[in-house]
Amino acid sequence: MKIPVPYAWTPDFKTTYDNIDSEHRTLFNGLFALSEFNTQTQLNAAIEVFTLHFHDEQGQMIRSNYVNTKEHTDIHNSFMDTMRGWRSPVPQKDLKDGMEWLANHIPTEDFKYKGKL
């Protein structure tokens, strides 16, 4: 999916789970704020919201016995390794890659669990 301009959650990213959609909005907001301010504080905040969301989403998968939980968790862990490797100020290429990752992850990976959690 194309990176939305401005960089924000849109209904195109709706998973049908209100709590997950709300957290996805926070992820978009976190990356947008990081791209605007690009400070260590903002980087830490973005890492925190991604960490919390992934924990919540994976917990919901586990409680629902979602068959692809491990695969999905591995994808999350790989992205978190990338984010934790970023240093402030984060280069624009890394920010763009992170924005693309999120804009693609939701429709290609998260949509797989629609109706299954």
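This is a predicted model: local features need pLDDT of at least 70, side-chain atom pairs count only at pLDDT 80 or more; totals for chains, interfaces and linings use all residues.
**View 1. Five annotated residues come together.** Let's begin with the UniProt "binding site" annotation, from an unreviewed entry, which covers Glu57, His72, His76, His105 and Asp110. These residues span 54 residues in sequence, yet no two of their C-alpha atoms are more than 13.2 Å apart, so they gather at one spot.

**View 2. Glutamate 57 and its surroundings.** This member of the annotated set belongs to helix H2, which covers residues 40–63. Glutamate 57 counts as buried because its relative accessibility is 0%, under the 20% cut-off. Beyond its neighbours within four places in sequence, glutamate 57 is in contact with Ile20, His24, His72, His76, His105, Asp110 and Tyr113.

**View 3. Aspartate 110 and a polar contact.** Look for aspartate 110 in the segment after helix H4 (92–108). Aspartate 110 also has a relative accessibility of 0%, so it counts as buried. Its side chain makes a polar contact with the side chain of histidine 105, at 3.0 Å. Setting aside neighbours within four places in sequence, aspartate 110 is in contact with Thr15, His24, Glu57, His72 and His105.

View 4. Buried residues of H2 include Leu43, Ile47, Phe50, Phe54 and Glu57. The buried residues of this helix pack against helix H1 (18–37), helix H3 (69–85) and H4.

**View 5. Asparagine 65, beyond the end of H2.** Asparagine 65 follows H2 and lies in the loop between H2 and H3. Its phi is near 55°, a positive value in a residue other than glycine. With a relative accessible area of 68%, over the 50% cut-off, asparagine 65 counts as exposed.

**View 6. Backbone details worth a second look.** Most residues other than glycine have a negative phi, and most peptide bonds are trans. Threonine 16, which is not a glycine, has a positive phi of about 85°, and this residue is found in the segment before H1. A cis peptide bond joins valine 5 and proline 6, with omega about -5°; proline 6 also lies in the segment before H1. Another cis peptide bond joins serine 88 and proline 89, where omega is about -5°. You will find proline 89 in the loop between H3 and H4.

Terms used:
Residues are numbered from 1 along each chain as its sequence is written. Side-chain values use heavy atoms; hydrogens and water are left out. UniProt positions are given in the numbering used here, feature names are shortened, and annotations may be inferred rather than shown by experiment. Helices (H or I, at least four residues) and strands (E, at least two) are DSSP runs, numbered from the N terminus. Buried means under 20% relative accessible area, exposed over 50%, partly exposed in between (1.4 Å probe, protein chains only). Contact means heavy atoms within 4.5 Å. A polar contact is a pair of N or O atoms within 3.5 Å; within protein, one must be able to donate a hydrogen and the other to accept it, and residues adjacent in sequence count only if both atoms are side-chain atoms.
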